[in-house]
Amino acid sequence: MTPPSSVTGRRVLVNTTSLGIATFWRIGVAFIMQIIIARRLGTAALGDYAVTLALLNVGQILVEAGLPTLMVRTLAGNPGSRRSMWLHVGAVQTFLAAVVAAALTALAWLLPSLAPPVALVGGAALSLLAYAGFSAGQSLLEASERHHLVMLLDTVTNSLLLVMTVSLLNRGYGLSGAFIALAVTQALSVMLSLLVIRSSGVLAGSDARWPMRSTETLRRAAPYFGLALTDVLQQRADLLIL
């Protein structure tokens, strides 16, 4: 019989390796895409792409609102609430995504000299609606310790994003093609995450109801939201200021 400590150590190793691979590939795809955009469309387009992505990254943190961390920490000790909390968090994040998408589009429209074209920002912001669903599904898998499935979803999604972006750029769609690819792959990622969640059985036996209202859930997630927002602003502040 395998000792419990050995099983735990192996699980930690697999989970850490899976997340590391997913992160490495995500960074690699982002780097490759920047090189392709700079060579195909020029430095001005690369600047618009970088600033739009910076706005989108901040928007993603606003959509998450600290809920992924709260979800992982809560479900670790209360797996019976997986289904209800997943649906609850998904609904809250989708509402926040609609608000943030509208706010980013309005910002680009009101400040045309300080932001990329409004069509570019607005189109990119629409991907937040799909991102909300993907984020909730990813958090559910992480809370269920299915990190290898998170790696699979991340790797497939980012690979599709790279292939679709290159394809659209080759067809002459310009910079808008990169964000069309982003919106489409985000939508596909939601469908893939739903398939993975259904087939993995993570929702089995999770019939308990999540007892909190949306405002209380957001209040509990506020400390995690503050940490995440501070982190992304430190990384993206230079682009946003420029």
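User: In which helix is Leu160 found?

Analyst: This is a predicted model. Leu160 is found in helix α6.

User: Is Leu160 buried, partly exposed or exposed?

Analyst: Residues count as buried under 20% relative accessible area and as exposed over 50%, with partly exposed in between. Leu160 has a relative accessible area of 35%, so the residue is partly exposed.

User: Which residues form the nonpolar patch on the surface?

Analyst: A patch takes residues with over 30% relative accessible area and no salt bridge. Here the patch consists of Leu152, Val156, Leu160, Tyr173, Ile180, Val184, Leu188 and Met191, and together they have about 630 Å² of accessible area. At least two of the patch residues come from each of α6 (147-170) and α7 (175-200). The most is given by α7, with four residues.

User: Which residues of helix α3 are buried?

Analyst: In α3, which spans residues 67-77, Leu67, Pro68, Leu70, Met71, Thr74 and Leu75 are buried. Viewed down the axis of α3, these buried residues fall within an arc of 155 degrees, and therefore line one face of the helix. Arg73, Ala76 and Gly77 are exposed on the other side of α3.

User: Is Ala65 buried or exposed?

Analyst: Ala65 is buried, with a relative accessible area of 9%.

Technical notes: Residues are numbered from 1 along each chain as its sequence is written. This is a predicted model: local features need pLDDT of at least 70, side-chain atom pairs count only at pLDDT 80 or more; totals for chains, interfaces and linings use all residues. Side-chain values use heavy atoms; hydrogens and water are left out. Patches are made of residues with over 30% relative accessible area and no salt bridge: like charges are joined within 9 Å, nonpolar side chains (Val, Leu, Ile, Met, Phe, Trp, Tyr) within 5 Å. Accessible areas come from the Shrake-Rupley method with a 1.4 Å probe; for residues, only the protein chains shown count as cover. A salt bridge is a side-chain nitrogen of Lys or Arg within 4 Å of a carboxyl oxygen of Asp or Glu. Buried means under 20% relative accessible area, exposed over 50%, partly exposed in between (1.4 Å probe, protein chains only). The arc is that of the directions from the helix axis to the C-beta atoms.
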